Amino acid sequence: LNMVLLLLFAVFATSYAALRAFSVLVMLPHQAKRWRQQQKERKLYAALIRSLVHLQAGRFVRASKSARELLEHSNSLRHSNAAVPLDSSLRSIAHLLAADSAHALQDPSVRDQHYAQLLEDTSQQPSPLAQELREGIQMRAARWALDDRNPQESLQRLAQLPQGAARRTLALRIKLKAARLAQDNATALETTRLLAKHGGFTPASASSLIASLVGEEIRACHDTQQLEKLWRSLPTAEQHHPDIALPAVRQWIDLAGDATQARQWLLPLWEAYIQGQLPTYQAQRLFLALQHSLENLDGAWLKRIEQAQTHYPKEALLQYLGGMACLQRQLWGKAEQLLRQSLPRLQDTALQASCWRALAILAEQRNDPAAATTAWRAAALARD
């Protein structure tokens, strides 16, 4: 019985070993094929890494060559019917790297070929990743057009993006640069506001850029109706911005606009100055603007000036403005008194020159040619 059992065990072991050996023999071609496929996949990923590294290092010829190698390995794997994970995405990235390298090498024909192939490939892929790749290459193409100094094409490519992608920070930054290059201030201003809303700029940078763009719009106004329409389209926060309100008032006065309207635009800045929230250089610009808008000064503004002088009796700017207001109302004695009190403490040369001119006019009013000549000379020196 023991011999029979041993014999049966030996037969089973021999049969199992034979079957395993036969299975291994049969699987050898498949394993060899799988090994060759793995080697190609490793070369594919190695080419991807080399292309990325060369592109970041500025070796654009090598980056393009590695991208082409990636595409060749992908074609070889496709011909062998190998299932490579994310093969379509890898090919799209290879086209993107090759297009970027061609753009850096100033070869637009090759760049556009890869760009067209990438759009075609991603349009045939319904996956979310393919959609992201398509949006990414469209943004990159907009940047290429911007580098080629073609802002219209850049804006056109951005307009082809879906609404959500078009409002991303990267797309808005490209749109802002394209709009500024195209001298489209309206689009640039709208884009800057969106970037500020989404945190694309620091508050200080956004405020400064918006003020600059609105300033260009203000300088482009050729009549009071156009300027008033622009002013009404501005948000309240921008109307209260000193770097917007002051140029707007100056342009309004230059266009022979109503002084009452100018003072209304300056009222928020005046209140900020009274509360001590206006920097010195902006306060000086405010008083220069107020000086040019004193025509037909109403009682409400006279009361504001008098109350401010009561609270700050030694403030040179308020004494200067009070003197100019008295001069406008032909109160010669009071005007000269206030202007002479403010003159030694005025720091801005434009205010000093204006003060001397007012004193020269007062001297002429009292028939004092020597004092008038001295004041006119001092005004000229201060202006220089």
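**The ring cluster and what surrounds it**

Modeller: Let's start with Tyr273, which counts as buried because its relative accessibility is 13%. Buried here means under 20% relative accessible area, exposed means over 50%, and partly exposed covers what falls in between, using a 1.4 Å probe and protein chains only. Some ground rules: this is a predicted model, where local features need pLDDT of at least 70 and side-chain atom pairs count only at pLDDT 80 or more, while totals for chains, interfaces and linings use all residues. Residues are numbered from 1 along each chain as its sequence is written, and side-chain values use heavy atoms, with hydrogens and water left out.

On to the rings. A pair of aromatic rings is described by the distance of the centres and the angle of the planes. The structure holds seven aromatic pairs. One of them is Trp270 with Tyr273, whose ring centres are 6.2 Å apart and whose planes meet at 45°, so this pair is tilted. For the cut-offs, rings of Phe, Tyr and Trp (its six-membered ring) pair if their centres lie within 6.5 Å; planes under 30 degrees apart count as stacked, over 60 as edge-to-face and the rest as tilted.

Trp270 and Tyr273 sit in helix H14 (residues 259–274), three residues apart, which is about one turn of the helix. Trp270 also pairs with Trp301: here the centres are 5.6 Å apart and the planes are at 65°, so this pair is edge-to-face. Since Trp270 belongs to helix H14 and Trp301 to helix H16 (residues 299–311), the pair ties together parts that are 31 residues apart in sequence.

How buried is Trp270? Its relative accessibility is 3%, so Trp270 counts as buried. Trp301 is buried as well.

The charged end of Arg304 sits over the ring of Trp301, 5.0 Å from the ring centre. To count, NZ of Lys or CZ of Arg has to be within 6 Å of the ring centre and within 35 degrees of the ring normal. Arg157 does this as well, lying over the face of Tyr115 at 5.1 Å from the ring centre.

A salt bridge means a side-chain nitrogen of Lys or Arg within 4 Å of a carboxyl oxygen of Asp or Glu. Glu153 and Arg157 are four residues apart in helix H6 (residues 151–159), which means about one helical turn separates them. Arg157 counts as buried at 12% relative accessibility, whereas Glu153 is partly exposed at 28%.

Another salt bridge joins the side chains of Arg285 and Asp243, at 3.1 Å from N to O. Arg285 is in helix H15 (residues 280–291) and Asp243 in helix H13 (residues 242–254), so this pair ties together parts 42 residues apart in sequence. Arg285 counts as partly exposed at 32% relative accessibility, and Asp243 is partly exposed too, with 27%.

Across the whole structure, the search finds 16 salt bridges. Among them is Arg111 with Asp112, whose closest N and O atoms are 3.3 Å apart. Arg111 is buried at 7% relative accessible area, while Asp112 is partly exposed at 33%. Salt bridges also link Glu336, Arg340, Arg366 and Asp368 into a network.

Ser92 lies in helix H3 (residues 87–104) and counts as buried, at 0% relative accessibility. Setting aside neighbours within four places in sequence, Ser92 is in contact with Leu118, Asp121, Thr122, Gln125 and Leu133, where contact means heavy atoms within 4.5 Å. Ser66, in helix H2 (residues 60–79), is buried with a relative accessible area of 4%. Not counting residues up to four places away in sequence, Ser66 touches Ala47, Arg50, Ser51 and His54.

Notes:
Helix = DSSP H or I, 4+ residues; strand = E, 2+ residues; numbered from the N terminus.
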